[in-house]
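The entries follow in the order in which I made them.

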Amino acid sequence: MYSIRLNIRESYRQVIANSGWLVFDRAIRMTGGLLVGVWLARYLGPEQYGTLSYALSFVALFSGFASLGLEGIVIREILAKPDARDRILGSAFVLRLVAGLTCVLLTIAAVYSVRAQDTATIWLVGIIAIGSIFQAFDVIDSTFQAEINARYSVVARNIAFLGASIAKIIFILSGAQLIAFAVIGAVESLIAAVGLVVIYKYRGGFIKRWWVCLATMKSLLRQGAPVLVSSAVIMVYMRVDQVMLGELANFKEVGDYSVAVRITEVWYVIPTALTASLLPAILKSKELSPDIYLRRIQSMYDLLFWLAVCGATILTVASRPLILTLFGAEYEGAADVLMLQAWMAVLVFFGVARQKWLFAENALKAAMYVDLTAAALNVVANYFLIPLFGAIGAASASLITAVGANLLVATYSRPVRDSIKMYARCLMAPIRLYTNWKYQPS
């Protein structure tokens, strides 16, 4: 019993330290990304900023394929088989490199098929898509995450991020063309990859020791298939609205919608950072004690729910003055979009937490069904609402489909029903906390 308590305490210390680094990483990206993003939006104006956002969203539709859904799988495999680390990393790297190259070709082919006469947009999409190739080196991050030691990845990625931010500022001041900002995105991915390699070597790792095993590659692909489908579908769900706005409305509407999304997505990095850090500890607690495991899952839901509600309330009240202050009168149409998008955080936070719960329960097919349903509903809803209401229609479609997909899948999936029940319990979290505090023995 004493050794179990020591393991739990040590696990908590590691999680807290790791969370601190991930929160620091997200804080830098949130602050820097928002400030530079506001400046860039003002510099480009709604039309050009909408064009750039369209290109980024178009690439994002295919970028989920580049990861092959291997992030969590590689972490789990390294934790289960530490002696096979080099084999796992080598096999995962080759898979992700091939997937990245394929992603670039598919993206270029797709944008050419829908905008054959729009050479400028094709170039933007092609240049941005190149960054998918360098993301193969993200397998190095998996070994740091398995050790609950994210600071090395944070350092590498923030060096690349800060360098890219400085370059954007220089380009803005020098009056650069739109395509220059697409080049920065690809270069940032390259610098981040180099940084991961350098730190991995500094930590005593050697890429030349990686080796490829066909059986391991097949195993990783088989395990990652449901996650891959979910990741790809999530990207469709999150980005198809901006692509459809560009096709069914215009780039001005995309610009208004994008600045609203930029503000709300500041919050979206929080559940990703927290759950990525908590996942190893949750998986370990499942082996130690079912009660501890379930309490940790519920605590994760409680934390994310109330963070989302607080953030959504603040954004709803402050939407109009926030848009006018940050982006100017040109983007006034984004204020109403922001009020709707603010409440997407409650559903997005739930989705991230649910994904980790289903991963821990090895019920990834259920998550895949939710994401597939949401993507299909979102495309249909956007098709009908965008021509009528523009950016407001796209924001409404996101809310409708997020709720509808979970309820539809819950009718036949027990894991999804359980996740909804746990999220519903979040409403009672303040009462539970108060009761535990009031009746805690002195």
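**Entry on A345.** I looked up A345 and found that it is buried, because its relative accessible area is 5%, where buried means under 20%, exposed means over 50% and partly exposed lies in between, with a 1.4 Å probe and protein chains only. A345 lies in helix α13, residues 344-360; helices (H or I, at least four residues) and strands (E, at least two) are DSSP runs, numbered from the N terminus. Apart from neighbours within four places in sequence, A345 is in contact with Y268 and A308, contact meaning heavy atoms within 4.5 Å. I also noted that A345 and F305, which are 40 residues apart in sequence, are 8.9 Å apart in space from C-alpha to C-alpha.

**Entry on the source.** I wrote down that this is a predicted model, in which local features need pLDDT of at least 70 and side-chain atom pairs count only at pLDDT 80 or more, while totals for chains, interfaces and linings use all residues. Residues are numbered from 1 along each chain as its sequence is written, and side-chain values use heavy atoms, with hydrogens and water left out.

**Entry on A366.** I turned to helix α14 (residues 364-389), where A366 is found. A366 is buried as well, since its relative accessible area is 8%. Not counting residues up to four places away in sequence, A366 touches L358, V409, S413, P415 and V416. Between A366 and A410, 44 residues apart in sequence, the C-alpha to C-alpha distance is 9.1 Å.

**Entry on Q242.** Is Q242 buried or exposed? I found Q242 to be buried, because its relative accessible area is 2%, and I placed it in helix α9, residues 214-248. The side chains of Q242 and S57 are joined by a polar contact of 3.2 Å, a polar contact being a pair of N or O atoms within 3.5 Å; within protein, one must be able to donate a hydrogen and the other to accept it, and residues adjacent in sequence count only if both atoms are side-chain atoms. Leaving aside neighbours within four places in sequence, the contacts of Q242 are S53, Y54, S57, V254, Y257, S258 and V261.

L105, in helix α3 (residues 85-114), counts as exposed because its relative accessibility is 60%. The C-alpha atoms of L105 and D291 are separated by 48 Å, and the two residues are 186 residues apart along the chain. G404, in helix α15 (residues 391-410), is partly exposed, because its relative accessible area is 21%.

**Entry on the cavities.** I counted two cavities of 30 Å³ or more; a cavity is a set of points, on a 1 Å grid over the protein atoms alone, where a 1.4 Å probe fits but cannot get out, and lining residues have an atom within 4 Å of a point. The second largest cavity has a volume of about 80 Å³, a volume being the space filled by probe spheres set on the points, which are joined across faces, edges and corners. Its lining includes Y257, Y268, Q341 and S398. Which helix supplies the largest share of this lining? I found that α10 does, with five residues.

**Entry on confidence.** The mean pLDDT of the chain is 81, and 90% of its residues reach 70 or more; pLDDT is the predictor's confidence in each residue, from 0 to 100. Confidence is highest in helix α4 (residues 119-129), at a mean of 91, and lowest in helix α17 (residues 429-438), at 60. Over residues 438-442 pLDDT stays under 50, and the model has zero contacts beyond four places in sequence for them. I reminded myself that where pLDDT is low, the predicted coordinates should not be read in detail.

Terms used. On a 1 Å grid over the protein atoms alone, a cavity is a set of points where a 1.4 Å probe fits but cannot get out, and a pocket is an open set with protein on both sides within 12 Å along at least five of seven lines; lining residues have an atom within 4 Å of a point.
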